[in-house]
Structures are given as C-alpha cells and as structure tokens.
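This report examines strand pairing and charged side-chain contacts in one protein model. The sequence and the structure are shown first.

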Amino acid sequence: MKQITHSFDYQSFDSASELPSADRELFEKAKSAIAGSYAPYSHYHVGAAVKLANGNVITGSNQENMSFPAGLCAERVAVFAAASNFPDIPVAAIAISAISDDFEVSEPVPPCGMCRQAIVEYEMKFDNKIRIILGGRSGKIFVFDGMGSLLPLAFVEKGLAK
Ligand code: THU
C-alpha cells in the first residue's frame, strides 16, 4: 500500500481590482450575466462567462424549473452555448459569480461537481487547460490554472473516446 497525497495550487486575490485585467474583465462579464438568471426557487443567481481562444465571450446564468432537476447551472449553460456556437474553438477561461436574494455571497463560488465534469470535457477535447476565476459579490477571488485542481481524478475513459 502507498499513501498518495494530491495537492494543488491556486491564487487568491483580496478583491477583483487586484486581478490581472483579462481576468477582471471576464469576472465582470460573469457578474453582468447574473442579470439573466431565472432562480425563483433558490433565490440564488449565478452568472458565468466563458472566454474562447479567439477572444469571444459567451455568458450563461442558472435556469431553474418547477421540476427542480430540469434546471441547469450557469456554468453548463455557458459552456454548452459556447461549444454549440463555436465547436472548433478551444475554451480558454471561465469566470463565475453569484448573488443571493437572501444573504451576502462573500466567498468565491466554486462550480458544482457536474459542472466540473462538464468543463473537464472541453479541456480534454482541445487538450487545453481552462483558467477558472471564482468570486462572490464581495470578498476574495480565486484563480485556478486548469480543472485538474478542482476535479482531480475526473472521470476519463479513453475507450469511450474512440
Ligand atoms: N448553481 C449554479 O448555477 N452553479 C453551480 O455551480 C452551483 C449551483 C445554481 C443551481 C441552482 O439554480 C442554484 O444555483 C442553487 O443551487
């Protein structure tokens, strides 16, 4: 038996104003995308902005449904829209933010497990790491250099890709 430790690095910024300008601009677009959120059940509004390698930015927001599982997170709305409209362009980065009608979101907003797996798919498709920028309405911003940090041992089955 071998004990294996997996560690990862990420950057923490005290506020959005400290971010490199490209990250700050994408993060602002994620915040603006919150306006499109439809969240009458959770009152938690998420925005995501996907930047493609050609510079295009595609945004998405969470869309809820009275039949709760039918809704979709902001990250998947954004990456699926990006992949549908630009199937041959690699995804370079995604920024995510959220607000709540009921409380202050003052921590970075990490994508849920299903969204992590969805984002990993596009890293694999283009063999290209995706930069991830996470922040709330206030507070720190975290930046990750690829999904390997957020989803170690992601489900990857090469046999299915043949
Ligand atoms: N949500 C997202 O949009 N992204 C996440 O990564 C986690 C959660 C949405 C789903 C639901 O509409 C609301 O936030 C509360 O869970």
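## Basis of the description

The model is predicted: local features need pLDDT of at least 70, side-chain atom pairs count only at pLDDT 80 or more, and totals for chains, interfaces and linings use all residues. Residues are numbered from 1 along each chain as its sequence is written, and side-chain values use heavy atoms, with hydrogens and water left out.

Helices (H or I, at least four residues) and strands (E, at least two) are DSSP runs, numbered from the N terminus.

Two strands count as paired if DSSP finds at least two bridges between them. E2 pairs with strand E4 (residues 91–100) in the antiparallel sense over 9 bridges, and in E4 Ile 99 stands opposite His 45. E2 also pairs with strand E3 (residues 57–61), again in the antiparallel sense, over 5 bridges; in E3, Ile 58 stands opposite Val 50. E2 and E3 form a hairpin with 4 residues between them, and Gly 55 in the turn has a positive phi of about 95°.

## Salt bridges between separate segments

The structure holds 4 salt bridges, a salt bridge being a side-chain nitrogen of Lys or Arg within 4 Å of a carboxyl oxygen of Asp or Glu. One of them joins the side chains of Asp 14 and Lys 140 at 3.2 Å, N to O. Asp 14 lies in the loop between strand E1 (11–13) and helix H1 (21–33), and Lys 140 in the loop between strand E5 (131–135) and strand E6 (141–145), so this pair ties together parts that are 126 residues apart in sequence. Lys 140 is partly exposed, at 39% relative accessibility.

Another salt bridge links the side chains of Glu 104 and Arg 137 at 3.3 Å, N to O. Because Glu 104 lies in the loop between E4 and helix H3 (113–126) and Arg 137 in the loop between E5 and E6, the pair ties together parts that are 33 residues apart in sequence. Glu 104 is partly exposed, at 41% relative accessibility.

Lys 129 forms a salt bridge with Asp 145, with the closest N and O atoms 3.8 Å apart. Lys 129 lies in the loop between H3 and E5 and Asp 145 in strand E6, so the pair ties together parts that are 16 residues apart in sequence. Lys 129 is exposed, with a relative accessible area of 55%.

Key. Buried < 20%, exposed > 50% of the residue type's maximum accessible area, 1.4 Å probe, protein only.
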